[in-house]
Amino acid sequence: MSKEEVREQVVLDEASLLKDSTNEELTKIHLMRDFLEKRDPSSKEVDVLILRRFLRARDLDVEKGSAMFLKYMTWRRSFVPHGFISPSEVSDELAQGKMFVQGLDKKGRPITVAFAAKHFQNKDGPNAFKRFVVFALDKLCSRMPPGQEKFLAIADIKGWGYANSDIRGYLNALTILQDYHPERLGKLLIIHAPYMFMKVWKVIYPFIDNNTKKKIVFVENKKLKETLLEDIDESQIPEIYGGQMPLVPVQDC
């Protein structure tokens with residue numbers, strides 16, 4: 001294929017990927033790519049869907065979306081220099097058995113389940129948990145079917161106590177999700193939240209951006225199964241919540 005033919009094919013491929021975008025969004029995506037390529041030529045190779053997520057995260061503001069993306073690129077090169085986090089780098093975190101992946105919801109989004117009572121601050125400092133968060137998000141995103149960009153998360157707080165409290169860790173995870181994986185979270189269901197957890201939640205809540213806040217739902221214990229069924233078919237609900245799907249450790253998904 002000639003360079004012109006390759007360019008035309010790229011345009012067609014991008015148009016297919018962006019079929020649900022508005023004309024305004026399409027225009028701003030192209031403006032954003034032009035802006036980024038002048039500042040970081042390597043951005044030319046970046047998936048157009050990634051650019052759209054950063055643009056959407058900044059309400060289609062090209063300048064703000066571009067700044068957010070460039071910050072992400074700098075962070076990724078520094079924090080994940082080899083392009084991925086290996087299981088051996090997060091072995092202590094994985095040993096806690098606190099995060100699982102299983103099934104898809106009704107929108108085709110991968111489902112992840114995290115158990116807050118199994119999380120403890122890592123003795124090696126905050127970067128250990130940061131690496132785990134990156135490892136888990138990369139694993140989760142790799143399971144997304146073609147055309148899917150989001151996931152659904154269930155945060156099970158049952159049994160959580162102050163020994164599990166890790167505000168700095170929670171805030172670091174929030175930063176990685178919001179700033180470096182924007183528009184990936186489709187919905188977060190928080191279940192079995194004890195009263196004392198709400199004290200910590202009040203500290204975290206102001207740091208959650210408005211787009212993310214809209215995706216968070218606290219589920220009443222007595223309505224757990226019916227709430228899950230709103231988003232997930234019974235065959236895809238975890239066995240521990242009355243469904244049929246076994247939990248798979250995140251490192252094995």
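1. A residue is called buried here when its relative accessible area is under 20%. Glu 183 has a relative accessible area of 17%, so Glu 183 is buried. Its backbone also deserves a look: phi of Glu 183 is near 60 degrees, a positive value in a residue other than glycine. Most residues other than glycine have a negative phi. Glu 183 sits in the loop between helix 7 and strand 4. Bear in mind that this is a predicted model.

2. Asp 59 also has a positive phi, about 50 degrees, although it is not a glycine. Is Asp 59 buried or exposed? Asp 59 counts as exposed, at 63% relative accessibility. The residue belongs to the loop between helix 3 and helix 4.

3. The largest cavity contains about 830 Å³ of space. Its lining counts 30 residues, and the closest to its centre are Ala 114, Ala 155, Tyr 170, Ala 173 and Leu 188.

4. Which element gives the most to the lining of the largest cavity? Helix 6 does, with five residues. The elements that each supply at least two residues include strand 2 (110–115), strand 3 (151–156) and strand 4 (185–191). Helix 7 (167–180) and helix 8 (195–204) also each supply at least two. By class, this lining divides into 26 nonpolar residues, three polar and one charged.

5. Glu 183 from point 1 is part of the lining, and so are its sequence neighbours Pro 182 and Arg 184. Others in the lining include Ala 57, Leu 177, His 181, Asp 209 and Lys 215. Helix 7 and helix 9 (210–213) are the elements that give two or more residues to this lining. By class, the residues divide into four nonpolar, four polar and four charged.

6. Now the open space. The second largest pocket has a volume of about 310 Å³. It is lined by 20 residues, of which Asp 47, Ile 50, Arg 53, Cys 141 and Arg 184 are the closest to its centre. Helix 3 (48–57), helix 4 (62–79) and helix 6 (126–142) are the elements that give two or more residues to the lining. Helix 3 gives the most, with four residues. The classes are ten nonpolar, four polar and six charged.

7. Strand 1 (residues 99–104) is largely enclosed by the rest of the structure, because five of its six residues are buried. Where does strand 1 pair? Four bridges join strand 1 to strand 2, and the two run antiparallel. Phe 100 stands opposite Val 113 in strand 2. Strand 1 also pairs with strand 6 (residues 248–249), in the antiparallel sense, over two bridges. There, Val 101 stands opposite Val 248.

Key. Residues numbered from 1 in each chain as written. Predicted model: local features only at pLDDT ≥ 70, side-chain atom pairs only at ≥ 80, totals over all residues. Heavy atoms only, no water. 1 Å grid on protein atoms, 1.4 Å probe; cavity = no way out; pocket = protein on both sides within 12 Å on 5 of 7 lines; lining within 4 Å. Points joined across faces, edges and corners; volume = space filled by probe spheres on them. Nonpolar A, V, L, I, M, F, W, Y, C, P; charged D, E, K, R; others polar. Buried < 20%, exposed > 50% of the residue type's maximum accessible area, 1.4 Å probe, protein only. Pairing = 2+ DSSP bridges.
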